[in-house]
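I opened the file to look up a few features and wrote down what I found. The entries follow in the order in which I made them.

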Amino acid sequence: MTDSTAFRNINILTMAQAVGGAAPPIVISLGGIIGTVLAPDPSLATFPVSLYNVGVAIGTLPAAWVMRRFGRREGYIFGAMIGICGGLLAATAITAGLFLLFCLAIMTVGLYGSYIQSFRFAAADTAEGDMKAKAISRVMVGGLAAAIIGPQVAIWTVDAVPGHPYVASFIGLSVLAFLTLLLVSRLKIPRPVAVTISGGRPLSEIARSPRFIMAAATGVVSYALMAFIMTATPLAMIACGHSVGQATLGIQWHVLAMFGPSFFTGRLIARFGKETIAATGLALIAGCAVIALSGLGLTHFWLALILLGVGWNFGFIGATAMITDCHTPEERGKVQGLNDFLVFGSTATASFLAGALVHIDNGWSMMNWLVFPAVGLVLVPLVFSRRLFARTR
């Protein structure tokens with residue numbers, strides 16, 4: 001693949017991330033509100049949002065197989081078609097007032113999300129050497145645009161269909177998925193040859209390797225802790241007397257902190273190493289918990305959310321770059337699929353736990369204390385293994 005083709009693919013993937021990645025903000029912004037209206041029990045209001053993460057988790061391995069069998073371009077086109085169907089199904093469920101159908105629709109959108117999440121790996125596959133981390137970081141910049149596009153689509157379309165609030169928002173999600181389809185159809189990524197479909201080492205052997213365990217564990221802890229704390233923070237803020245608007249603004253700053261550093265994260269990885277940046281990200285997530293435990297003022301919540309966002313960015317992009325060292329070209333599809341299954345399966349579990357723990361006595365404090373052992377479990381071996389991995393490259 002020529003440099004010009006690789007650069008073109010990265011630009012397309014960045015734009016596709018911007019429009020395709022707008023689906024999660026739409027689901028997160030409206031899923032709980034719609035769940036409150038449709039759910040037979042108020043305690044199930046946030047269930048559809050959690051099912052989005054479940055959909056991403058269960059979709060990662062099938063998505064990896066599809067792309068390994070038919071190629072990334074064809075796989076992404078198929079994934080975008082799933083997104084179109086998921087958005088239209090959600091609009092139908094809202095119109096009919098069917099909670100279970102809405103849950104199924106949101107899980108379907110999660111299956112679409114499993115394809116979107118692999119854009120970062122597709123960018124890395126088109127680059128060589130230190131450019132892999134920069135390519136990953138570049139595509140993640142598209143997430144910054146998605147964080148703006150998604151909520152704005154939800155706001156602009158909320159009452160576009162008279163008598164049926166939020167229906168047009170999910171039609172808008174389908175339109176964005178269609179735009180994603182148009183973009184990914186322009187990718188020029190060679191289709192895999194037959195030998196690569198089952199080539200390389202057995203997945204069980206790769207999964208037992210120290211390098212993969214370290215990379216996957218870093219991604220799991222970075223993403224799961226981010227979801228764990230982010231999911232609970234708005235509820236904790238409101239319980240402490242802060243307004244819904246203040247909680248929403250805090251989440252907006254958090255999302256900006258998640259994707260804003262992507263402009264330079266790749267360069268930092270090229271200079272200091274992927275393990276160093278990933279370790280820094282984990283330390284920042286621990287710093288978020290320190291701030292959260294130090295007080296319940298508005299500044300404490302907002303600063304904690306910003307640190308959480310930057311920590312996720314460094315930890316997740318660093319872990320993604322680490323994964324690219326764990327496989328050969330023949331092995332990358334199954335290894336990347338397993339990694340994302342572990343990451344997003346853990347994230348789905350974390351989102352369920354957050355909703356349960358934040359409502360118990362001292363739940364907010366308990367959640368933040370749990371951050372330290374989770375970070376320490378990965379940060380300590382990551383720091384000690386950094387030099388070993390550097391010597392074995």
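**Entry 1: aromatic pairs**

I searched the whole structure for aromatic pairs and found 11. I counted rings of Phe, Tyr and Trp (for Trp, its six-membered ring) as a pair if their centres lie within 6.5 Å; planes under 30 degrees apart are stacked, over 60 edge-to-face, and the rest tilted. I note here that this is a predicted model, in which local features need pLDDT of at least 70 and side-chain atom pairs count only at pLDDT 80 or more, while totals for chains, interfaces and linings use all residues. Residues are numbered from 1 along each chain as its sequence is written, and side-chain values use heavy atoms, with hydrogens and water left out.

I looked at Tyr-223 and Trp-312, which form an edge-to-face pair, 5.5 Å centre to centre with 90° between the planes. Tyr-223 is in helix 11 (residues 210-239) and Trp-312 in helix 15, so this pair ties together parts 89 residues apart in sequence. Helices here are DSSP runs of H or I with at least four residues, numbered from the N terminus. Tyr-223 and Trp-312 are both buried. I used these cut-offs: buried is under 20% relative accessible area, exposed is over 50%, and partly exposed is in between (1.4 Å probe, protein chains only).

Is the pair of Phe-301 and Trp-364 stacked or tilted? The pair is tilted, because the ring centres are 5.6 Å apart and the planes are at 40°. Phe-301 is in helix 15 and Trp-364 in helix 17 (residues 363-392), so I noted a link between distant parts of the chain, 63 residues apart. Phe-301 has a relative accessible area of 3% and is buried. Trp-364, at 10%, also counts as buried.

I also noted a cluster: ring pairs link Tyr-223, Phe-259, Trp-312, Phe-316 and Phe-344.

**Entry 2: salt bridges**

How many salt bridges does the structure hold? I found four. The rule is a side-chain nitrogen of Lys or Arg within 4 Å of a carboxyl oxygen of Asp or Glu.

Asp-340 forms a salt bridge with Arg-120, and their closest N and O atoms are 2.6 Å apart. Asp-340 lies in helix 16 (residues 332-357) and Arg-120 in helix 6 (residues 119-125), so the bridge ties together parts 220 residues apart in sequence. Both Asp-340 and Arg-120 are buried.

Another bridge joins Arg-201 and Glu-331, with the closest N and O atoms 2.9 Å apart. This pair also links distant parts of the chain, 130 residues apart: Arg-201 is in the loop between helix 9 (194-197) and helix 10 (203-207), and Glu-331 is in the loop between helix 15 (298-323) and helix 16. Arg-201 is partly exposed at 29% relative accessible area, whereas Glu-331 is buried at 2%.

Glu-74 forms a salt bridge with Arg-73, and here the closest N and O atoms are 3.3 Å apart. Glu-74 is partly exposed, with a relative accessible area of 26%. Arg-73 is also partly exposed, at 28%.

**Entry 3: around Gly-71**

Arg-69 lies over the face of Phe-70, 5.1 Å from the ring centre. For this I required CZ of Arg (or NZ of Lys) within 6 Å of the ring centre and within 35 degrees of the ring normal. Gly-71 sits in the loop between helix 3 (47-70) and helix 4 (72-96). Gly-71 is buried, at 1% relative accessibility. I took one distance from Gly-71: Asp-159 is 88 residues away in sequence and 40 Å away in space, C-alpha to C-alpha.

**Entry 4: nonpolar patch**

Which residues form the nonpolar patch on the surface? They are Leu-88, Ile-171, Val-175, Phe-178, Leu-179 and Leu-182, with about 490 Å² of accessible area together. Patch residues have over 30% relative accessible area and no salt bridge; nonpolar side chains (Val, Leu, Ile, Met, Phe, Trp, Tyr) are joined within 5 Å, and like charges within 9 Å. Areas come from the Shrake-Rupley method with a 1.4 Å probe, and for residues only the protein chains shown count as cover. Helix 8 (residues 167-184) gives the most to this patch, five residues. Leu-182 is in helix 8 and is partly exposed at 40%.

**Entry 5: cysteines**

I searched for disulfides (two cysteine sulfur atoms within 2.5 Å) and found zero. Cys-240 is in none; its nearest cysteine sulfur, that of Cys-288, is 14 Å away, too far for a bond. Cys-240 is partly exposed at 33%, whereas Cys-288 is buried at 2%.

Definitions and conventions: Helix = DSSP H or I, 4+ residues; strand = E, 2+ residues; numbered from the N terminus.
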